Amino acid sequence: MDPVWEWILLILFVGCKSQNFQPGRKTPILLDTLNESQVKRQLGKLGSYIYGPSTIYSGHCPAYGEHENATQRHHEGMKDMIESRFGWLLDTVRRKLAEEVSDPVEWMSYPYIKMHRGDSLDALPSEFRDLALKVAPPHRDQQFMSYVPKEQQPFAQTLTFTLPIQVPSGGAGLRCFDAFLDKPSGKLLSQQGQELPRTGQAYQQLVSHLPYEDVVYLPGRMLLFSGDQLHAVSPYKNPISSDRRIVLQGHGIFQEGVWKLFG
Ligand SMILES: O=C(O)CCC(=O)C(=O)O
């Protein structure tokens, strides 16, 4: 057999057989992770976000160990603070995921904690405000690509998790579409296995008609799903100035018998 094929089959075998949890086409699994008082305690630690990027407390450290870059220095600089403030939270998330996937789980870098304040929309010209409230485009998560050589990417076993910590008064959620990218074949498939167009006008038409489910965010309830499923932030409804939308989000890749988590 051609050695390239032998290698591909080996990766397929190791990739598919060696872990218990197969994200595949799973729609979000809901994991009660923090109770009400734990959510409150974590909110107290987050502080009040006023100006700056919408993602803070972020590891944002792709290509860990590859080359010196700004995000890596950012991660190094924030590591101690994040651990001292959020060590318990990160460990709780890690343990909850480990329980669910029945495989070892460790942090490689940190997740991002995304914060939105309702009053950040207040003074916006209406065109921008409308833009901010428009339905987000569906996407799949590709952050794992920074961790895997190109030729192995089709076989990468990946997951995404999102832990809502605070939701706006009109609610929040994740819009999960009935479309999954099958990495090995590069095909976009429905839950029933029907092939869907991936590009061009046919794709644009498809996304406006695709069936979806809005999975409601509840503070403390984590979503675990395959980042290969097309998803988007559910529409932000009836915004008010005092709204806060705070979610912790990260990804995982299965390597050497361990789910390695990163942001
Ligand atoms: O609700 C959120 O902000 C997370 C959405 C999400 O999963 C994503 O943007 O990939």
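Which loop holds Asn238? Asn238 sits in the loop between E11 and E12. Those labels are DSSP runs, numbered from the N terminus: helices (H or I) have at least four residues, strands (E) at least two.

Some ground rules. This is a predicted model, where local features need pLDDT of at least 70 and side-chain atom pairs count only at pLDDT 80 or more, while totals for chains, interfaces and linings use all residues. Residues are numbered from 1 along each chain as its sequence is written.

Back to Asn238. Its phi is near 45°, a positive value in a residue other than glycine. Most residues other than glycine have a negative phi. Asn238 is exposed, with 11 other C-beta atoms within 10 Å. Exposed means 12 or fewer such atoms, buried means 20 or more, and partly exposed is in between, with C-beta atoms placed from the backbone.

Ser102 also has a positive phi, near 55°. Ser102 lies in the loop between helix H3 (70-101) and strand E3 (105-107). It counts as exposed because it has 10 C-beta neighbours inside 10 Å.

Next, the ligand. Around it are Lys114, Asp141, Thr162, Leu174, His231, Val233, Val247 and Gln249. Near means a C-beta atom, placed from the backbone, within 6 Å. Strands E11 (229-233) and E12 (244-255) each give two or more residues to this shell.
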